[in-house]
Structures are given as C-alpha cells and as structure tokens.
Amino acid sequence: MHNGSPDVVFLKAFEDCTLPSEQWKHGAHLKVAYLYLRACTFEEALAKARRNIQRYNAATNTPENLERGYHETMTVAWMRLVYCALGESGPAASADEFLERETQLLNSKALRFFYSRDRLISWQAKAEFVEPDLAPLPRSAREPVR
C-alpha cells in the first residue's frame with residue numbers, strides 16, 4: 001500500500017477516528033480486518049482491530065448495549081472468516097477488490113450459519129469470544145500471504 005492509496009486513506013481515517021460514522025458499516029469492518037491481516041499475524045491483527053474498534057466507538061459515542069457497540073465474538077468470528085478467505089484465495093490489489101471477489105463476506109448475517117441468535121446476541125458473546133453452536137467456523141489449511 002502506498003501512502004495515497006484508498007486503503008491507506010481509509011485506514012488512517014478509521015484509526016484517527018475521523019471516518020464518518022455513517023461509513024462505519026459491515027463492509028468497513030471487513031476492510032479493517034483485511035488490511036490488518038495483510039500486515040500482521042492473526043493475533044496482532046485481532047489485537048489491533050479490537051483496540052481500534054473500541055477507540056473508534058468511544059470517539060463516535062457509539063452506545064454500548066446488547067446490539068450496538070463493540071462485540072468480541074463478532075469481531076473474532078469475522079476476523080477468522082476474512083483470514084480463511086485470505087488464506088484460500090490470496091490477497092487482492094486492494095481491500096475493495098478483495099471484497100468484490102469474496103462477496104460471501106458481505107452478507108452481514110453470515111454468522112447465523114454458525115451461531116444461533118440466542119448465542120450470538122448475548123452478553124457473554126459480547127464480552128468474550130464464544131465458539132459457534134451450529135457449525136464450526138471454517139479454517140484454511142493455508143497461511144495467508146502478507
């Protein structure tokens with residue numbers, strides 16, 4: 001990524017908490033996951049995503065309730081899904097091109113294939129990662145290219 005690329009501009013706005021809140025939708029979360037996973041190990045990428053999502057939410061006064069705000073299980077699960085897609089298909093020229101190729105990730109309700117609503121929308125799942133109760137999250141046999 002070069003300094004003027006859309007990925008760099010997007011990530012800087014997110015990390016500086018200047019990304020307009022109306023742009024902080026599902027696809028933007030996936031772009032953050034993709035960009036962090038391209039630059040770091042899974043554990044480092046997850047730690048950065050966790051820290052910066054919480055900081056962004058605080059800066060934009062996002063309410064913390066059961067269905068809004070930071071959600072640990074959703075963050076970990078989506079990071080794992082992006083990591084798997086990246087391992088299986090490899091990187092793209094940009095985060096947007098990756099999402100155009102991996103359209104299954106754009107379905108914000110995809111976690112319902114793995115989690116019952118009651119398990120996912122719970123205070124426990126919001127506070128700490130809980131494993132799925134319907135089907136295991138997929139894993140790639142390949143390490144993503146960074």
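In this predicted model, helices H2 and H3 cross in a right-handed sense. Helix H2 covers residues 26-39 and helix H3 covers residues 42-59, and the two pack with their axes 9 Å apart at an angle of about 140°. That angle makes H2 oblique to H3, because an angle has to be over 145 degrees to count as roughly antiparallel. On the H2 side, the contact is made by His29, Tyr36 and Leu37, while H3 contributes Phe42, Ala45, Lys48, Ala49, Asn52 and Ile53. Sorted by class, the residues in this contact are six nonpolar, two polar and one charged.

Five aromatic pairs turn up in a search of the whole structure. One of them joins Phe14 and Tyr56, whose ring centres lie 5.7 Å apart; their planes meet at 35°, so this pair is tilted. The two partners come from distant parts of the chain, with Phe14 in helix H1 (residues 6-15) and Tyr56 in helix H3, 42 residues apart. Both Phe14 and Tyr56 are buried.

A further pair brings together Tyr34 and Phe98, with ring centres 4.4 Å apart and planes at 25°, so the pair is stacked. Here too, distant parts of the chain are linked: Tyr34 belongs to helix H2 and Phe98 to helix H5 (residues 95-101), 64 residues apart. Tyr34 is buried, having a relative accessible area of 2%, and Phe98 counts as buried at 0% relative accessibility.

How values were computed: Residues numbered from 1 in each chain as written. Predicted model: local features only at pLDDT ≥ 70, side-chain atom pairs only at ≥ 80, totals over all residues. Heavy atoms only, no water. Axes fitted to C-alpha atoms, helices over the stretch in contact; angles between N-to-C directions. Helix = DSSP H or I, 4+ residues; strand = E, 2+ residues; numbered from the N terminus. Parallel < 35°, antiparallel > 145°, perpendicular 65-115°, else oblique. Left-handed = near helix turned anticlockwise from the far one by under 90°. Contact = heavy atoms within 4.5 Å. Nonpolar A, V, L, I, M, F, W, Y, C, P; charged D, E, K, R; others polar. Phe/Tyr/Trp six-rings, centres within 6.5 Å; stacked < 30°, edge-to-face > 60°. Buried < 20%, exposed > 50% of the residue type's maximum accessible area, 1.4 Å probe, protein only.
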